[in-house]
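Open the model in your viewer and keep the sequence panel beside it. The stops below say what to select next and what is there.

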Amino acid sequence: MKRFYFLTVMVFITAVLALPGCEKKAEEEKVEEKPEVTEEAVTEEEPYVTKRILYVRENGVPEDYKDKANPLEATEENIERGKELYRTHCSMCHGKEGLGDTPAGRSLTPPASDLSVTMGMPEATDAYLFWTVSEGGLPIKTPMLPFKSTFSEEDRWKIILYEKTLKAE
Ligand code: HEC
């Protein structure tokens, strides 16, 4: 009888101790389930919207960049130089074809964008692309690298000329 009493008490104590733990776990799971801002905006009509596109829809392209236009012609030579720079500095994240399908690109939050889709978005103007390549993810807190101190303005425009060739058909 005494032993039975002891066991009951033990079970009761264990249950009381375990309870708050359970609740906490449930709470944590709830937080993880909360969708990212990018996912919330995805609709059936518009299956691919990135954090950057949403930012620009809300705020426009930042002042220093909004009037930028590509001063270069899309000559074979310019595109070839852009391709060379893209292959050495961008493709490890965005992939050779711009699909964002590399292990490094996918491991990031948000993942590296699929540029074949980006290039077809109405928001992806020269000003938008030049701002993106120059300032990277700093203004919108993403791991996209800034290149304004790596490349001259001219080389950044050449990369953009090449990026345009990545647009999906
Ligand atoms: C370290 C990985 C990494 C490298 C290297 C990188 N990017 Fe990105 N890029 C990202 C990530 C992550 C995003 C998505 C977040 C964002 O837009 O800032 C992105 C977004 C972009 C976008 C915006 C696409 C959209 O969603 O509208 C463009 C354009 C772009 N990158 C071009 C380039 C170019 C050009 C280079 C090379 C000069 C490059 N990236 C190098 C990770 C990378």
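**Whole chain**

Color by secondary structure: the chain comes to nine helices and zero strands. Helices (H or I, at least four residues) and strands (E, at least two) are DSSP runs, numbered from the N terminus. From the N terminus on, the elements run α-α-α-α-α-α-α-α-α.

This is a predicted model, in which local features need pLDDT of at least 70 and side-chain atom pairs count only at pLDDT 80 or more, while totals for chains, interfaces and linings use all residues. Residues are numbered from 1 along each chain as its sequence is written.

Of the 169 residues of the chain, 22% count as buried. A residue is buried if 20 or more other C-beta atoms lie within 10 Å of its own, exposed if 12 or fewer, and partly exposed in between, with C-beta atoms placed from the backbone. Contacts come next: two residues are in contact if their C-beta atoms, placed from the backbone, lie within 7 Å. Of the contacts in the chain with a separation of 6 or more, 59% come from residues 24 or more positions apart.

**The α4/α9 crossing**

Select residues 76–89 for helix α4 and 153–164 for helix α9. Their axes come within 7 Å and cross at roughly 95°. Axes are lines fitted to C-alpha atoms, for helices over the stretch in contact, and angles run from 0 to 180 degrees between N-to-C directions. The two helices, α4 and α9, are therefore roughly perpendicular to each other. Angles under 35 degrees count as roughly parallel, over 145 as roughly antiparallel, 65 to 115 as roughly perpendicular and the rest as oblique.

Now show the side chains of the contact. From α4, pick Asn78, Ile79, Arg81, Gly82, Lys83, Leu85 and Tyr86. From α9, pick Asp155, Lys158, Ile159, Leu161 and Tyr162. By class, this contact of α4 with α9 has six nonpolar, two polar and four charged residues. Ala, Val, Leu, Ile, Met, Phe, Trp, Tyr, Cys and Pro count as nonpolar, Asp, Glu, Lys and Arg as charged, and the others, Gly among them, as polar.

**Along α9**

Stay on α9. This helix has twelve residues and reaches 17 Å from its first C-alpha to its last, close to the 16 Å expected at 1.5 Å a residue. The expected span of a helix is 1.5 Å times one less than its number of residues. Select Arg156, Trp157, Lys158, Ile159, Ile160, Leu161, Tyr162 and Glu163: these residues of α9 are buried. What do the buried residues of α9 pack against? They pack against α4, α7 (115–118) and α8 (126–135).

**Around the ligand**

Go to the ligand. It is surrounded by 27 residues, and the closest are Thr50, Cys90, Cys93, Ser113 and Met144. A residue is near a molecule or strand if its C-beta atom, placed from the backbone, lies within 6 Å of it. The elements giving two or more residues to this shell are α3 (51–59), α5 (91–94), α7, α8 and α9. By class, the shell has 16 nonpolar, eight polar and three charged residues.

**The α3–α4 loop**

Select tyrosine 65, in the loop between α3 and α4. Is it buried, exposed or partly exposed? Tyrosine 65 is partly exposed, with 18 other C-beta atoms within 10 Å. Leaving aside neighbours within four places in sequence, tyrosine 65 is in contact with Ala127, Phe130 and Trp131.

Lysine 66 is in the loop between α3 and α4. Lysine 66 touches Gly60, Val61 and Ala127, not counting residues up to four places away in sequence.

Alanine 69 lies in the loop between α3 and α4. Alanine 69 is exposed, with 9 other C-beta atoms within 10 Å.

**Two backbone details**

Most residues other than glycine have a negative phi, and most peptide bonds are trans. Zoom in on threonine 109 and proline 110: a cis peptide bond joins them, with omega about -10°. Proline 110 is found in the loop between α6 (103–106) and α7.

Finish at lysine 141, in the loop between α8 and α9. Phi of lysine 141 is near 55°, a positive value in a residue other than glycine. Lysine 141 is exposed, with 8 other C-beta atoms within 10 Å.
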